[in-house]
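This report describes selected features of a predicted model. Please keep the sequence and the structure at hand while reading.

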Amino acid sequence: MQKRTDPSPLGWGPRRGRAYLSAAPSRGLGPASATLSHQTPLGSSGLHASCLDLWREKNDQLVRQAKVAQDSRQFLRGQQLAQDVLEGFRGLLHSLQGLPAAVPVLPLELTVTCNFITMKASLAQGFTEDQAQDIQQSLERVLETQEQLGPRLECGLRGLWDSVLHYSSVLLELLPALHHLAGLQAALWLSTDCLGDLNLLLQTLNGNQSEASEDLLHLLKTWSPPAEESDAPLTLQDARGLRDVLLTASAYRQGLQELITGSLPKALSSLQEAASGLCPRPVLVQVYTVLGTCLRKMGNPQRALLYLVAALKGGSPWGPPLLEASRLYQQLGNTAAELESLELLVDALSVTHSPEAPQLLIEVELLLPQPNPASPLHCGTQSQAKYLLASRCLQIGRAEDAAEHYLDLLALLLDDSEPKFSPPPSRPGPCMPEVFLEAAAALIQAGRAQDALTVCEELLSRMSSLLPKMPQLWEDARKGTKESPHCLSWVSATYLLQGRAWVQLGAQKEAISEFSRCLELLFQATPKDKEQGPASSCEQGCMSDVALQQLRVAALISRGLQWVASDQNTKALQDFLLSVQMCPGNRDASFHLLQTLRRMDRRDEAIALWWSLEAQAKLPQENAAWSLPLYLETYLSWIRSPDRETLLEEFQTSLLEPCDL
């Protein structure tokens with residue numbers, strides 16, 4: 001673990017690392033000399049001392065047993081020992097709280113409460129409402145000794161803390177245990193995002209209630225828990241160890257939130273603060289990963305790469321730094337390194353990690369939020385990583401690799417043990433049917449048409465129950481009684497891809513039949529009702545007006561090209577004309593129409609269309625605010641002539657110049 005040298009104005013030296021047995025010597029706290037305002041005797045002083053000694057010995061014994069459980073190399077044995085210790089603390093606390101509250105007993109009772117809460121939270125891997133109730137009960141028992149409990153019950157935890165800390169000035173022997181309990185309260189409030197209550201508590205602990213500081217990190221650095229007496233009961237984790245954990249977790253949480261909201265310089269400062277703190281190795285890996293993300297977004301890829309390398313050297317979890325490395329390499333244009341990172345990510349997510357021995361402390365990990373899809377630490381499942389790898393290969397033209405990765409992905413998804421597929425992190429889509437469609441497109445691009453047909457048939461079989469209902473689904477969509485039937489666009493796209501596969505196999509008749517089936521479905525579709533509200537990311541990719549329009553154009557051009565191949569120029573002309581009417585700005589459709597008009601010697605119409613294309617080319621090009629599904633983008637690249645601009649120049653030379661003479 002990393003240690004931090006604290007620059008706080010209180011002049012602390014290097015902070016102590018965590019310790020299980022925190023019976024540290026006193027550092028000038030001074031003996032408790034205040035006169036107790038209220039004590040409830042347990043009987044004779046000898047019996048009192050005897051009971052306290054027995055309870056204290058029991059507490060110390062349980063702390064030592066927890067140390068044995070912590071050091072156990074056998075996970076199940078360690079868990080059982082830890083559970084036994086937890087039950088031991090529960091029973092001891094029950095005995096102590098079964099008596100009237102008494103100041104001489106409270107230091108031990110509060111210590112046992114802290115040990116019990118620490119064990120319970122660490123075994124549960126988080127805080128629950130039970131821990132809040134345990135803290136509240138302890139605070140109420142402190143107030144009972146001062147005969148001040150009555151109206152305070154209605155004030156909640158915040159009011160109880162104000163009252164208890166107010167009386168702590170005359171209960172100096174309780175101060176170390178109360179600061180320990182306050183550390184656990186701070187951990188609970190931090191983990192549940194109750195930052196306002198946490199700030200007020202720390203201000204009170206620091207004695208500066210009048211100073212309304214909002215800087216949580218400053219308040220934590222200023223907080224100086226009193227040292228415990230040398231003869232104090234043993235604790236699993238002392239207040240100063242808790243403070244170090246809180247400081248690291250707070251800096252990390254703050255930096256992560258600042259990164260997500262775009263405050264990059266602030267995020268960098270907070271994350272560097274976290275990295276210099278008391279960081280267990282898994283947390284340090286996360287911090288370095290987020291620092292890499294922050295520096296990449298700040299335009300400093302070389303420093304980002306250094307942090308990512310450090311994260312990978314830190315050991316597991318490897319998923320987040322590998323995913324971030326792939327993003328960094330993509331930004332740098334290093335495709336080989338990007339794909340290698342994604343391949344390693346797939347391998348890393350396929351490894352099952354054996355459980356480790358329980359960490360019977362309040363760890364930084366317990367105080368961190370679970371990564372959400374917007375977090376750079378969310379790397380998803382193995383299938384999501386496999387999808388990222390497959391789709392990137394398809395996007396950059398590595399068709400053979402893409403085809404293999406998509407087939408592996410489909411095998412994963414069809415395995416019942418794999419969690420249900422959902423969109424990969426940090427990007428929209430895809431839906432499960434789109435994965436099939438992208439797989440078919442990759443197979444076609446790799447020259448594996450027969451395999452593509454098999455994938456398409458599998459997708460159609462999975463949607464077969466919808467096929468007889470298609471007319472009714474379209475009618476419901478027109479009336480607005482049901483959601484837009486985006487599943488039908490998948491069926492149409494499947495027919496489109498099947499047609500392309502038949503073209504590759506040289507089966508012209510089957511290809512035309514599939515393109516016609518695709519068009520028949522698509523011309524039943526109605527544009528999405530703009531008043532139905534925003535669609536999901538999946539629907540936006542599948543049933544937007546633009547996607548439907550491009551699907552229709554792709555099918556019309558594809559069928560038109562087959563008519564051209566069979567010398568049926570009149571039918572080809574009809575399809576190309578219709579595609580231009582549906583999408584006037586589509587240069588692919590216009591180019592194929594121009595070629596057909598020229599082939600049919602319809603010179604005047606060809607010249608008029610050419611001038612229209614020239615006028616469109618001179619207009620300012622608007623950046624498209626929409627995106628198409630990857631399978632459709634791939635398909636459109638197949639019907640785009642690579643030498644289109646050259647052919648247009650030749651057309652100008654051969655067709656237009658004679659008219660100017």
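In its geometry, α13 covers residues 319-332 and reaches 20 Å from its first C-alpha to its last, which is close to the 20 Å expected at 1.5 Å a residue. The helix is followed by Gly333, a residue whose phi is positive, near 80°.

## Aromatic pairs

The structure holds four aromatic pairs. One of them joins Tyr387 and Tyr406, whose ring centres lie 6.4 Å apart and whose planes stand at 75°; as an angle over 60 degrees counts as edge-to-face, the pair is therefore assigned to that class. This pair links distant parts of the chain, with Tyr387 in helix α15 (residues 382-395) and Tyr406 in helix α16 (residues 399-413), 19 residues apart. Both Tyr387 and Tyr406 are buried.

Trp610 and Trp611 form another aromatic pair, also edge-to-face, with 4.9 Å from centre to centre and 80° between the planes. Are these two tryptophans buried or exposed? Trp610 has a relative accessibility of 3% and so counts as buried, whereas Trp611, at 52% relative accessibility, counts as exposed.

## The contact between α4 and α5

Helix α4 (residues 129-144) and helix α5 (residues 156-167) have axes that come within 10 Å and cross at roughly 40°. That crossing angle makes α4 oblique to α5, and α4 passes α5 in a left-handed crossing.

On the α4 side, the contact is made by Ala132, Ile135, Gln136, Leu139, Glu140, Val142 and Leu143, while α5 contributes Leu157, Leu160, Trp161, Ser163, Val164 and Tyr167.

How values were computed:
Residues numbered from 1 in each chain as written. Predicted model: local features only at pLDDT ≥ 70, side-chain atom pairs only at ≥ 80, totals over all residues. Heavy atoms only, no water. Phe/Tyr/Trp six-rings, centres within 6.5 Å; stacked < 30°, edge-to-face > 60°. Helix = DSSP H or I, 4+ residues; strand = E, 2+ residues; numbered from the N terminus. Buried < 20%, exposed > 50% of the residue type's maximum accessible area, 1.4 Å probe, protein only. Expected span 1.5 Å × (residues − 1). Axes fitted to C-alpha atoms, helices over the stretch in contact; angles between N-to-C directions. Parallel < 35°, antiparallel > 145°, perpendicular 65-115°, else oblique. Left-handed = near helix turned anticlockwise from the far one by under 90°. Contact = heavy atoms within 4.5 Å.
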